[in-house]
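Please read them beside the coordinates.

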Amino acid sequence: MRHLVKNIGTLAGILEDGSLRKEGTAMDAVGTLENAYLTIEDGKIAGYGPSEEMPDENAFDTVIDAGRGFVLPSFCDSHSHVVYAGSRDGEFLDKINGLSYEEIARRGGGILNSADLLHNTSEDELYRQSVERVREVMRMGTGALEIKSGYGLTTEDELKMLRVIRRIKENVPIIIKATFLGAHDVGRAYRGRQAEYVRLVCSEMIPAVAAEGLAEFVDVFCDQGFFTTEETAAIMEAGAKYGLRPKIHANELAVSGGVQVGVSHNALSVDHLERTTQAEIESLKGSGTMPTMLPGASFFLGMPYGAAKDYIKAGLGVALASDYNPGSSPSGNMRFVMALGCIKMKLTPNQALNACTLNTAYAMGISDMAGSVTKGKIANLLVTAPMNSLAFLPYSYQTPLIRKVIVKGDVL
Ligand code: NIG
Ligand code: FE
């Protein structure tokens with residue numbers, strides 16, 4: 001199939017130098033072309049150029065009119081927990097009444113509450129609820145989504161979650177990546193026996209996940225009250241034997257050492273980072289690890305926002321993802337994440353766009369095929385209403401400006 005996107009006011013997110021991520025001053029650069037067209041072949045971007053050079057419309061199977069709006073790469077959301085059962089709106093009330101995330105968790109709520117709900121939900125029902133969330137974020141412009149397990153906390157239920165992720169991958173057109181997060185919390189049967197639970201994760205869960213090829217990445221909640229840096233290292237080392245690259249939850253609740261241990265184990269990303277010091281920034285320099293911040297969780301839990309500008313000033317890249325989950329960020333709206341990046345973290349619109357597209361693509365290992373307008377990349381794109389500048393998108397953050405979502409060349 002050949003598709004033509006015509007009448008583009010501004011084509012933005014063009015990247016021609018083959019870079020897989022943007023760091024430091026490069027984060028503020030977004031390649032643009034005014035008055036443009038773009039062509040798509042077999043689901044991939046085939047070419048683009050100025051409107052005067054547009055090929056004959058009759059040579060295409062479909063023609064998409066961009067209506068003078070911006071055409072942008074779709075959002076890549078490199079950190080989500082969209083496979084879960086039910087919701088935690090009861091805890092939402094506890095939170096309104098003054099309990100903190102940690103207090104709710106200590107009372108047996110939080111992740112364990114979601115694990116109980118998931119255990120009592122059939123695989124089919126879990127799929128039905130979860131794919132609905134994936135369709136929701138697709139409509140809001142997410143073209144690639146990482147999904148974690150971590151509400152199973154038994155071998156059987158972790159496999160159930162990961163099989164649901166596989167089924168989602170088989171049934172939706174966007175790019176899906178799966179991460180095994182057995183060490184999200186200690187399962188109920190192992191409370192008080194954390195070391196044994198870690199052994200279960202390493203010697204039973206990881207081999208079982210690998211045997212079915214259900215995940216590409218391994219994650220650990222390395223934070224105060226959850227898993228230590230030593231436990232995190234052991235789990236990353238067990239995962240590495242099966243080719244699972246780490247993506248680590250770190251420094252959400254405290255400065256945990258999770259960043260350093262992640263970097264030393266070649267993590268693809270270290271995520272959250274609400275609480276970091278200069279030492280974390282130093283440890284990331286020269287590494288292949290993408291610092292990823294989750295402003296939706298800061299917003300929902302009233303936590304500090306990650307110090308993205310300091311990271312960028314130090315020459316690092318920063319990615320922004322949704323963390324869509326029932327406890328700390330019940331939203332997968334990447335446009336809102338981009339807006340929080342600008343409004344709360346003081347990123348420029350260009351930096352925020354790169355943080356939500358190319359750098360999140362990097363943080364899920366797909367920036368060679370997604371995250372920018374580049375020939376040969378998968379044609380997952382957004383068409384906006386006409387806008388004076390890219391800044392209008394995060395500025396007018398509630399206006400329904402995304403007019404069309406293109407996935408592999410097809411308009412959703
Ligand atoms: O990324 N912090 C750990 N995990 C999730 C929250 C999980 C939950 O509360 O259900 C997060 O914020
Ligand atoms: Fe998370």
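1. Contact, as used throughout this note, means heavy atoms within 4.5 Å. With neighbours within four places in sequence set aside, Leu320 is in contact with Met293, Pro295, Met334, Val337, Gly341, Met345, Leu347, Ala355, Cys356 and Thr360.

2. On conventions, this is a predicted model, in which local features need pLDDT of at least 70 and side-chain atom pairs count only at pLDDT 80 or more, while totals for chains, interfaces and linings use all residues. Residues are numbered from 1 along each chain as its sequence is written, chains are lettered from A and ligands numbered from 1 in the order in which they are written, and side-chain values use heavy atoms, with hydrogens and water left out.

3. The domain assignment gives domain 1 (2–73 + 371–411) and domain 2 (76–362), the bounds coming from an automatic or database domain assignment. Taken over C-alpha atoms, the centres of domain 1 and domain 2 are separated by 29 Å, and the contact between the domains takes 34 residues from domain 1 and 36 residues from domain 2.

4. For the packing I use the term nonpolar core, a set of buried Ala, Val, Leu, Ile, Met, Phe, Trp, Tyr and Cys residues joined through side-chain atoms within 4.5 Å; buried means under 20% relative accessible area, exposed over 50%, and partly exposed in between, with a 1.4 Å probe and protein chains only. The largest nonpolar core has 103 residues, and those with the most contacts inside it are Val134, Ile147, Ile168, Ile176, Phe180, Ile235 and Leu320. Helix H6 (residues 194–211) supplies the largest share of this core, eight residues; helices (H or I, at least four residues) and strands (E, at least two) are DSSP runs numbered from the N terminus. Because domain 1 and domain 2 both give residues to this core, it lies between them. A second, separate core of 17 residues includes Val5, Ile14, Ala66 and Val71.

5. Val5, a member of that second core, sits in strand E1 (residues 2–14) and is buried at 0% relative accessibility. Not counting residues up to four places away in sequence, Val5 touches Ala36, Tyr37, Leu38, Ile40, Ile64, Ala66, Val71 and Ile406.

6. Which protein atoms are the donors of the iron ion (ligand 2)? They are His79 (NE2), His81 (NE2), His249 (NE2) and Asp323 (OD), lying 2.1 to 2.3 Å from the ion, where donors are N, O and S atoms within 2.8 Å of the metal (3.2 Å for Na, K and Ca), and where water is not among the atoms, so sites may look incomplete. Along the chain the donors follow the spacing H-x1-H-x167-H-x73-D. His249 lies in strand E10 (residues 245–250) and Asp323 in the loop between strand E13 (319–320) and helix H12 (334–343), so this pair ties together parts that are 74 residues apart in sequence. His249 is buried at 2% relative accessibility, and Asp323 is buried at 1%.

7. Ser372 lies in the loop between helix H14 (358–363) and strand E14 (381–384) and is buried, with a relative accessible area of 5%. A polar contact is a pair of N or O atoms within 3.5 Å; within protein, one must be able to donate a hydrogen and the other to accept it, and residues adjacent in sequence count only if both atoms are side-chain atoms. By this rule the side chain of Ser372 makes polar contacts with the side chains of Thr374, at 2.6 Å, and Lys377, at 2.7 Å. Beyond four places in sequence, Ser372 is in contact with Gly13, Leu15, Ile45, Pro73, Leu358 and Lys377.

8. Taking a disulfide as a pair of cysteine sulfur atoms within 2.5 Å, the count comes to zero. For Cys76 the nearest cysteine sulfur, that of Cys356, is 9.5 Å away, and Cys76 is buried at 2% relative accessibility. Cys222 is buried at 0%, its nearest cysteine sulfur being that of Cys202, 13 Å away.

9. Two backbone angles deserve a look. His272, in strand E11 (residues 269–272), has a positive phi of about 100° although it is not a glycine, and His272 is buried at 2% relative accessible area. Lys346, likewise not a glycine, has a positive phi near 65°; Lys346 lies in the loop between H12 and helix H13 (349–356) and is exposed, with a relative accessible area of 55%.
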